Amino acid sequence: MKKATLSALLLLLMWLMAALPVSASTQIETVLSLGPLPLSLEPMDRGAKAEEMRRALIMQLQRAGRPTRGQQHQMFGRDLAWNAMAPGEFDGSEGPWVWWVNLATERFVRGHLKLTGLRSPEIWLDGKAHTPEDGQVELDLAQGTHTLWIYHHGLEKDGTPVFAWEGRSQADALSAYIEPTRRVSARILTNAETATDLALSPDGRFLAISFSSREDSADLDLSRLEIRELETGRILQQWTSALPRRLAWSPDSKTLAVQDGDNLWLHERSSGQARLLLANHDNLGDWRWRPYGKSILFAWTEPFEAENEKRRRVRSLEDRWSTFRNNEQLFEVDIASAIIRPLTVGETSVNLLDVSLDGGQLLLSERIIDYREPPHSLWRLFTLDLTSLETDEIGRFRQINAALFADQGYWLLAGPGLSQGDGATTGDDLTPNEYDTQLYALSADGERARSVSREFDPALEQVARLANGNLLFTATSGEEVALFRFDTENETFERIETGLEVIEEFVVSDKPDPVVVVRGTDADAPQRIHHVDLVSNRRTVVLDTLESQYEGVVLSEVQPWSFTNQNGDKIEGRYYLPPDFDPETRYPLIVYYYGGTTPVNRQFTGRYPFQLWAAKGYVVYVLQPRGTIGYGQAFSALHVNAWGRHTAEDIIEGTDKFVAAHPFVDGDRVGNIGASYGGFMTMYLATRTDRFAASVSHAGISTLTSYWGEGWWGYGYSGIASKGSFPWNNPELYVGQSPIYSADRITTPLLLVTGDSDTNVPPGESDTMFTALKLLDREVELVEFPGQDHWILDREQRYVWWDTILAWFDRWLKDQPEWWHYLYPETAPAE
């Protein structure tokens with residue numbers, strides 16, 4: 001054979017060998033072992049409850065915390081300890097054993113665990129059970145840490161354990177370790193026990209907390225309720241049940257009212273006895289104690305029933321809301337007799353806003369259908385005398401967020417453009433953003449509303465009245481949700497240092513020296529509950545979930561990063577680093593934004609879990625573009641009649657400057673994602689720049705006109721975001737800012753995600769863009785989630801939703817399409 005021919009054949013052989021997949025084989029060298037357990041083999045293997053007993057065993061070991069060398073367990077009078085060992089050296093006696101190890105992957109991998117030489121092995125991976133077949137278990141693992149438990153009965157006869165991973169290709173590699181550290185995962189974020197509701201006794205002594213969590217190995221949602229003494233932290237009473245819908249203490253602090261579904265129970269603190277006050281009251285709504293404690297005021301809804309199911313006449317724009325024709329009225333139940341009396345009667349639902357301090361009057365509102373002025377709503381504010389049941393109208397207002405009784409008149413929360421008020425500071429050049437909520441002192445006759453927060457930049461939210469007449473607020477303050485006290489005499493605001501960046505809820509006592517309890521999170525710390533003394537400013541920790549729920553979890557480091565845009569405005573932001581960050585490595589970047597006038601606050605987790613994205617090896621940059629509330633009226637007013645213009649400029653400029661300022665970011669591997677208004681921004685950005693290598697739009701708006709006319713809240717939101725502008729008088733806005741009319745400019749690979757039952761932003765908005773890009777032969781995917789609305793709430797669908805987003809970014813930003821093709825195999829290239 002000629003030398004040239006032989007060389008060519010050798011080169012071809014080398015090329016073929018390189019092209020063939022080579023498996024990534026990993027011998028698992030060390031596991032933690034516990035056993036033999038004092039349990040009978042036969043019942044644990046083939047008994048009537050064998051599967052349930054094994055599952056219960058693993059669940060209880062999981063709940064005891066992640067194993068460590070030497071950690072002790074006592075079972076049926078025997079002391080056992082976890083020991084480190086090599087699987088191949090296992091020569092333990094016959095009997096049930098449990099092994100434990102962490103598996104870590106740096107990308108999506110596929111392969112199988114080889115597990116031979118052990119009797120009756122069964123494994124639990126991330127809470128799900130698998131039974132080996134022919135000594136192996138096929139697994140598909142996303143990037144991250146995966147916890148593996150193995151239950152077995154000791155050695156097979158003459159067997160030597162073999163425990164190894166065989167990847168499908170050389171890229172499908174993983175590592176194994178027994179240290180308790182791990183990266184955050186989707187299931188950790190969704191399953192960790194969190195407080196869902198607080199109730200503080202009026203005397204400030206007792207705190208009721210409701211909790212929820214998830215146990216995957218038992219396929220069980222858990223909930224519990226506890227009452228603790230606030231000063232000592234001692235738990236006085238605790239019980240488990242369905243998650244309460246609401247908790248509230250009686251004014252004398254002796255009784256805790258707990259709503260369980262459509263039932264309302266009264267729990268006596270001293271005796272521990274429970275009494276059923278309202279039983280099986282369908283559609284029981286919001287409720288509160290009357291100040292003197294002899295009764296409870298509650299809302300009760302009568303659902304609308306159509307007279308003719310074959311057709312439905314839409315009587316108003318609000319009629320698109322599924323519950324609008326329901327009728328909610330107010331009632332009062334007497335504590336002593338449990339007799340109910342009606343307080344309001346009418347065809348229009350009534351909302352309870354406040355109860356006077358003496359308990360004699362209610363402050364109420366009801367919606368009036370009136371479209372003459374944006375935001376195309378009208379509210380009637382009125383009082384109800386609880387003795388005579390006579391009403392007295394105060395006034396009619398285009399927007400009411402909240403209202404309270406004041407010493408003289410009322411306190412009112414509403415937008416800066418309130419017609420009766422003087423809240424706007426933007427002058428004639430800008431239209432104020434009505435989501436930038438202000439505080440007004442409303443006259444008793446309802447004709448004059450004087451703003452007391454004109455120069456206060458944070459946007460006000462939840463409000464409570466203190467015993468001394470001052471007010472306590474949460475407010476959007478930049479990226480944080482902070483607590484503020486308003487001195488009603490001096491009309492000054494004071495920030496209360498709670499030790500939390502984002503307050504989820506606060507409760508306050510009725511004492512002259514009030515006690516406050518807050519729950520919330522930080523960008524880099526999970527939920528805590530803090531007790532704050534407003535007099536001494538002393539702060540104590542009531543509950544911290546970092547140690548109890550995130551033991552061994554290595555979280556992302558979060559750093560602030562802001563820039564000054566070309567117009568001289570400071571654009572605040574932050575970024576998340578991967579947990580094993582190496583400044584010499586160049587990482588892909590995900591840019592996240594909202595733009596729909598509310599900042600992306602510093603909550604620990606949520607629908608878009610930045611800690612999870614960072615754990616998958618991405619740097620995550622979050623910014624607050626112009627138009628956002630919490631930075632003053634001049635800043636937030638740039639949202640009105642802009643529909644993306646200023647927001648897009650800030651996102652593009654901020655991304656460029658962030659990449660330039662951080663050499664560890666690979667500027668060619670930058671993706672972007674937004675949801676709702678942010679999903680609109682993703683589509684709009686794709687028509688304005690090719691800066692991004694991959695984009696994700698969740699529930700995005702492609703056509704402003706169709707969203708305005710079809711979305712449940714489209715016309716109302718547009719009455720603020722597009723105030724005074726309509727398709728007939730401002731087509732330049734409705735067409736020029738709609739991404740669909742510039743779809744031919746889009747070259748970025750775009751993933752469209754939506755719930756197919758979304759009523760806020762109908763799925764047709766994504767369908768429209770998908771149709772355009774398919775006809776234009778662009779790289780686009782549309783993934784719909786059946787039965788889901790604006791948010792993907794179903795637990796398992798949420799995991800697939802999160803995986804879909806990350807797999808899309810892995811495909812385009814990491815050159816790793818395997819996960820995407822595993823989730824959506826019809827997109828894989830033909831072999």
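**Entry 1: salt bridges**

I call it a salt bridge when a side-chain nitrogen of Lys or Arg is within 4 Å of a carboxyl oxygen of Asp or Glu. By that rule I looked up E106 and R183, whose side chains meet in a salt bridge at 4.0 Å, N to O. I keep in mind that this is a predicted model.

Where do E106 and R183 sit? I found E106 in the loop between β6 and β7, and R183 in strand β14, so the pair links distant parts of the chain, 77 residues apart. Buried or exposed? E106 counts as exposed at 52% relative accessibility, while R183 is buried at 12%.

My next stop was D216 with R187, where the closest N and O atoms are 2.8 Å apart. D216 counts as buried at 15% relative accessibility, and R187 counts as buried at 19%.

I also checked R228 and E226, which meet at 2.6 Å, N to O. R228 is buried at 10% relative accessibility, and E226 is buried at 1%. Then I followed shared partners: R187, R214, D216, D219, D221, R795 and E796 are joined into one network of salt bridges. The structure holds 51 salt bridges.

**Entry 2: aromatic rings**

How many aromatic pairs does the structure hold? I noted 52. I picked out W99 and F163, a tilted pair with 6.5 Å centre to centre and 40 degrees between the planes. W99 belongs to strand β6 and F163 to strand β12, so the pair ties together parts 64 residues apart in sequence. W99 is buried, with a relative accessible area of 1%, and F163 counts as buried at 2%.

I wrote down one aromatic cluster too: W561, F563, Y575, F581, Y587, Y621, F658 and F664.

Charges over rings came next. The charged end of R246 sits over the ring of W287, 4.7 Å from its centre. For R380, the charged end sits over the ring of F382, at 4.1 Å from the centre.

**Entry 3: a sheet**

I traced an open sheet of four antiparallel strands in the order β31-β32-β33-β34. Which are the edge strands? They are β31 (402–405) and β34 (449–451), each pairing on one side only. On average, neighbouring strands here are turned by 25 degrees against each other, direction ignored.

Inside the sheet I looked at β32 (residues 410–414) and β33 (residues 438–442), which run antiparallel and are joined by five bridges. W411 has A441 in β33 as its bridge partner.

Terms used. Residues numbered from 1 in each chain as written. Predicted model: local features only at pLDDT ≥ 70, side-chain atom pairs only at ≥ 80, totals over all residues. Heavy atoms only, no water. Phe/Tyr/Trp six-rings, centres within 6.5 Å; stacked < 30°, edge-to-face > 60°. Helix = DSSP H or I, 4+ residues; strand = E, 2+ residues; numbered from the N terminus. Buried < 20%, exposed > 50% of the residue type's maximum accessible area, 1.4 Å probe, protein only. Lys NZ or Arg CZ within 6 Å of the ring centre and 35° of its normal. Pairing = 2+ DSSP bridges. Axes fitted to C-alpha atoms, helices over the stretch in contact; angles between N-to-C directions.
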